[in-house]
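Please look at the chain shown here, first as a whole and then at the surroundings of a single side chain.

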Amino acid sequence: MNTTLAIMIANIVVIAATLIPTYIISNRNKTSEEDWAVASRSLPLYVVIGTQFASAMGGGVLVGHLGNAYGNGIAVLIYGLLASLPFLIIMYPAKWLRKNNFTTVPEILRHFSNNSKIVTVVAALMTIVVPFGWVTSQITAFGSIYTGITGIDYNLLCIGFCIMSLLFVMPSGLKTVAWTDFIFSCFMVLMSIVCVIFVTKLGGGFSQIMNNVDPSMTSFSGSIDNVGKVTVFLWIFAVLPGGVTNQLYFQRVCAIDDEKKVNKSLSISAVLTFISYIWAVYMGISINSINPSIEGNSATGWFMTQLPVPLLALFAALIFATMMSTVSSGVQSVVVNITRDIVPIIKPNMGSEKTLKLSRGLSFITMVVAVLMCLVFTDTLGWLVSTYAFSAATLLCPIYIGYAFRNSNFITKSGIVASMIAGALGCAIGLILKTQINYAAIGIVLSLIALILVSKLTKKENQENEELI
């Protein structure tokens with residue numbers, strides 16, 4: 001069978017096997033705006049775990065981190081640990097978030113700032129940039145990878161991928177996205193096991209793989225030297241802060257059906273996410289032991305050429321599923337920020353049905369903007385990292401320091417505004433001056449200082465608000 005045809009058939013099967021049960025589940029009851037935004041806070045534990053895992057894994061693990069491990073070795077597990085820790089850190093405010101029925105990150109900061117409109121809008125914009133960056137980077141990666149393995153035009157692939165992604169968002173927003181992610185995650189686990197078995201056999205067994213690979217790849221000290229200590233330091237101030245302010249994770253916490261299950265869902269998600277990086281490291285090192293002469297970013301592509309056509313088609317479908325999961329989640333997250341945080345300020349008291357229609361329309365518009373950007377800018381990684389940095393520097397301290405002082409009435413609206421401005425300015429200055437200290441770290445430190453200092457200077461703000469109440 002022709003390789004391209006086999007890949008298309010595998011993708012169609014994956015889409016059908018996911019869409020049909022998802023549509024059945026989502027159409028049991030009439031879709032509401034609450035379904036769209038937060039799945040009516042009715043997601044069972046296993047679905048929340050599946051959608052958290054699928055959102056965290058994405059195409060980056062399959063391609064980017066596998067290639068990173070191919071070139072540098074087990075130090076990539078440090079990145080994996082930093083990507084897993086946010087789930088455990090979010091456990092700190094998680095039950096409080098679910099108990100208060102929050103939906104978005106700006107809602108949290110609106111709560112801390114006495115319903116400040118400026119805080120809400122700025123927080124919404126800084127929250128949107130990360131999932132939108134995810135969307136564009138996944139579309140670009142999909143087009144690049146599939147062009148190489150199928151020969152189909154890059155532009156056509158990006159457009160087709162976006163149309164397919166909309167099918168998973170349009171019906172019921174987060175409800176369909178979450179159930180889709182759960183089904184995708186089951187497929188991811190199954191295919192990951194198959195890949196480990198195949199690459200181990202291809203490499204002559206585990207012992208042979210370990211004997212063939214450069215010893216620096218399998219020792220932390222040697223592998224960290226390969227990556228570079230500066231890079232590891234950058235990971236700490238990009239991945240961890242970006243993860244703990246990632247709205248996609250917050251949304252799923254708030255969508256679970258029972259707040260007592262929140263911590264269990266987060267701890268299991270953390271373990272599964274770290275296992276996915278162990279998988280990427282093992283695959284990368286194994287491929288390096290078999291063929292050490294290819295470029296790191298081509299490791300996944302080379303591995304696919306070694307697979308028999310049926311497995312190649314399934315692995316291509318795996319890439320499709322993981323990227324589709326990230327894109328659909330990202331679009332839904334962007335739209336819910338607009339409809340729940342920005343639109344109510346411009347047009348308050350919009351009805352549920354109108355909001356639902358607007359959500360679907362905005363999903364289409366968001367995807368059109370994303371695909372147009374991908375057709376013009378094929379390298380979105382640089383500004384994706386920057387959006388992570390600016391979002392974390394702007395939101396990290398107001399969210400977590402605000403939560404820590406939630407009962408003391410210490411954090412003020414002016415403090416939050418100053419914190420967000422200082423975080424953004426710190427990032428911008430560090431980025432422009434190309435400082436040795438990571439610009440995200442500069443932004444976070446300045447954000448913290450501004451939050452504490454300005455809140456202390458304006459503490460009468462909260463006293464006056466209490467008197468008015």
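## Overall dimensions

With 469 residues, the protein would have a radius of gyration near 23 Å if it were a compact globule, and its value of 22 Å agrees with this; the radius is taken over C-alpha atoms, and the globule rule is 2.2 Å times the number of residues to the power 0.38. Along the principal axes, the C-alpha trace spans about 75 × 50 × 45 Å.

## Basis of the values

This is a predicted model, in which local features need pLDDT of at least 70 and side-chain atom pairs count only at pLDDT 80 or more, whereas totals for chains, interfaces and linings use all residues. Residues are numbered from 1 along each chain as its sequence is written, and side-chain values use heavy atoms, with hydrogens and water left out.

## Fold and burial

The protein has 20 helices and zero strands, both being DSSP runs numbered from the N terminus (helices H or I, at least four residues; strands E, at least two). Of the 469 residues, 57% are buried, that is, under 20% relative accessible area with a 1.4 Å probe and protein chains only.

Among contacts (heavy atoms within 4.5 Å) with a separation of 6 or more, 85% are between residues 24 or more positions apart.

## The surroundings of S223

S223 lies in helix 10, which covers residues 220-227, and is buried, with a relative accessible area of 0%. Its side chain reaches the backbone nitrogen of I74 at 3.2 Å. Leaving aside residues up to four places away in sequence, S223 touches N72, G73, I74, A75, S216 and M217.

Methods: Buried < 20%, exposed > 50% of the residue type's maximum accessible area, 1.4 Å probe, protein only. Polar contact = N/O pair within 3.5 Å; in protein donor to acceptor, adjacent residues only side chain to side chain.
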